[in-house]
Amino acid sequence: MNYVESDTCGRYTVGSNGPTHANGHSGPGPRLMGTDTLNGNDVFNEKGEDLGDIKEFMLDLKIGRVCSVALSYGGFLGMGDKLFAMPFTALKLDTVNKRFVLDVDQDRLHDAPGFDKDHWPNMSDQAWAQGIHTYYGTKPFANDLLI
């Protein structure tokens, strides 16, 4: 599923220049989008391999920024999947294919630090956050408390 298909409010339609507002004007996206339209979006790598889908956006309410996402990989019908927290800056929105792109090989993602839905990591732990940034090759924003 992608943000165009998951938008039940009519904010996006497929136009020749990508997503547009239902009334024909530029919509809120793709630069400004609601997280509810992005949950469940597919994530692929540069090779076109399916890496899973976005399950959750983590917001730092103090600084007003999306800091990370939880990516679901593997499993079947939501069972047995593994979750991975990654910096939001590691993802790029591919408006042509209506999905996110993560520059990580499938094998590297498979070996990434992950967790299950009942045992989330302490995302406010600075050592953990720095480890995630190091793994995905991203840099934290200045003054970020979370990844």
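In helix α3, the residues Ala 129, Ile 132, His 133, Tyr 135 and Tyr 136 are buried, where buried stands for under 20% relative accessible area, exposed for over 50% and partly exposed for what lies in between, with a 1.4 Å probe and protein chains only. Looking down the axis of α3, these buried residues fall within an arc of 165°, so they line one face of the helix; the arc is taken from the directions that run from the helix axis to the C-beta atoms. On the face turned away from that buried side sit Ala 127 and Thr 134, both exposed. The cover over the buried residues of α3 includes β6, β8 and α2 (106–110).

A word on the model itself. It is a predicted one, with local features needing pLDDT of at least 70 and side-chain atom pairs counting only at pLDDT 80 or more, while totals for chains, interfaces and linings use all residues. Numbering starts from 1 along each chain as its sequence is written, and side-chain values use heavy atoms, with hydrogens and water left out.

Taken as a whole, the protein has 3 helices and 8 strands. Of the 147 residues, 39% count as buried.

Now for the sheet. It is open, holds 6 strands in the order β6-β5-β4-β3-β8-β7, and its pairing is mixed; two strands pair if DSSP finds at least two bridges between them. At the edges are β6 (82–87) and β7 (91–94), each pairing on one side only. Direction ignored, neighbouring strands are turned by 40° against each other on average. Helix α3 (residues 126–136) packs on this sheet and touches β6 and β8, its direction making about 85° with that of β6. Contact here is heavy atoms within 4.5 Å, and the angles, from 0 to 180 degrees, are between N-to-C directions of lines fitted to C-alpha atoms, for helices over the stretch in contact.

Both ends of α3 have something to show. Just after the helix, Gly 137 takes a positive phi of about 70°.

Another one runs between Lys 92 and Glu 46, at 2.8 Å from N to O. This pair links distant parts of the chain, 46 residues apart: Lys 92 belongs to strand β7, and Glu 46 to the loop between β3 (42–44) and β4 (50–60). Lys 92 is partly exposed at 46% relative accessibility, and Glu 46 is partly exposed at 49%. Asp 53 and Lys 55 form a salt bridge too, at 3.2 Å, with Lys 55 partly exposed at 40%.

Key: Helix = DSSP H or I, 4+ residues; strand = E, 2+ residues; numbered from the N terminus. Salt bridge = Lys/Arg side-chain N within 4 Å of Asp/Glu carboxyl O.
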